[in-house]
Amino acid sequence: MDLHESGEMYLETILMLKHKNQYVRSIDIAHEMNFSKPSVSRAIKLLKESKLIEVDKKGYIEFTDEGRKIAEKVYNRHTTLTNFFISLGVSDAQAEDDACRLEHIISEESYQCIQNYLTKQS
C-alpha cells in the first residue's frame with residue numbers, strides 16, 4: 001500500500017498519543033497536530049478505509065496490525081534520525097524538525113546505513 005507522508009504523520013501522531021494516554025480520539029489528534037477537526041476527520045476516514053485503524057462507537061482509535069507496524073516504523077525512523085543529528089552536534093529542536101521531514105523520504109538503504117553507523121558508535 002502506498003501511504004503518503006500525511007498518512008504516516010497521522011499514524012505516528014496516534015502512536016505518540018497512545019504512549020501518553022491509553023485512549024486516542026480525533027479531537028486529541030487535532031489538538032496535537034494543530035489541525036482542524038474536519039481535516040482530521042477526513043484523514044481518519046481514509047485511514048479506516050485503508051484498514052490501518054479502527055474507530056469504536058465511543059470514537060476511540062485503535063491500530064490494525066498493519067497500521068501499528070507502519071506507525072512504529074515511522075516513529076523508529078524519527079527517533080533514530082533525531083539521535084543521529086544530535087550526535088553530529090545539531091541542536092535538539094533542529095534535529096527533531098529535520099528528522100520529522102526526512103523520516104518520510106529517506107531511502108531504506110540510507111536509513112539502514114545510519115542505523116548501522118549509530119549501532120557501531122554505541
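**Loops and a pocket**

I began with K51, which sits in the loop between α3 and β1 (53-55); helices here are DSSP runs of H or I with at least four residues, strands are runs of E with at least two, and both are numbered from the N terminus. I noted that this is a predicted model, where local features need pLDDT of at least 70, side-chain atom pairs count only at pLDDT 80 or more, and totals for chains, interfaces and linings use all residues. Residues are numbered from 1 along each chain as its sequence is written, and side-chain values use heavy atoms, without hydrogens and water.

K51 is not a glycine, yet its phi is positive, at about 60°. I looked up its surface too: K51 is exposed, at 61% relative accessibility (exposed is over 50% relative accessible area, buried under 20%, partly exposed in between, with a 1.4 Å probe and protein chains only).

Next I turned to N34, in the loop between α2 (26-33) and α3 (37-49). N34 also has a positive phi, near 60°, and is not a glycine. Its relative accessible area of 70% makes N34 exposed.

Last entry: what is the volume of the second largest pocket? I wrote down about 150 Å³, the space filled by probe spheres set on grid points joined across faces, edges and corners. A pocket is an open set of points on a 1 Å grid over the protein atoms alone, where a 1.4 Å probe fits, with protein on both sides within 12 Å along at least five of seven lines; lining residues have an atom within 4 Å of a point. Helix α4 (residues 65-87) gives the most to this lining, with four residues.
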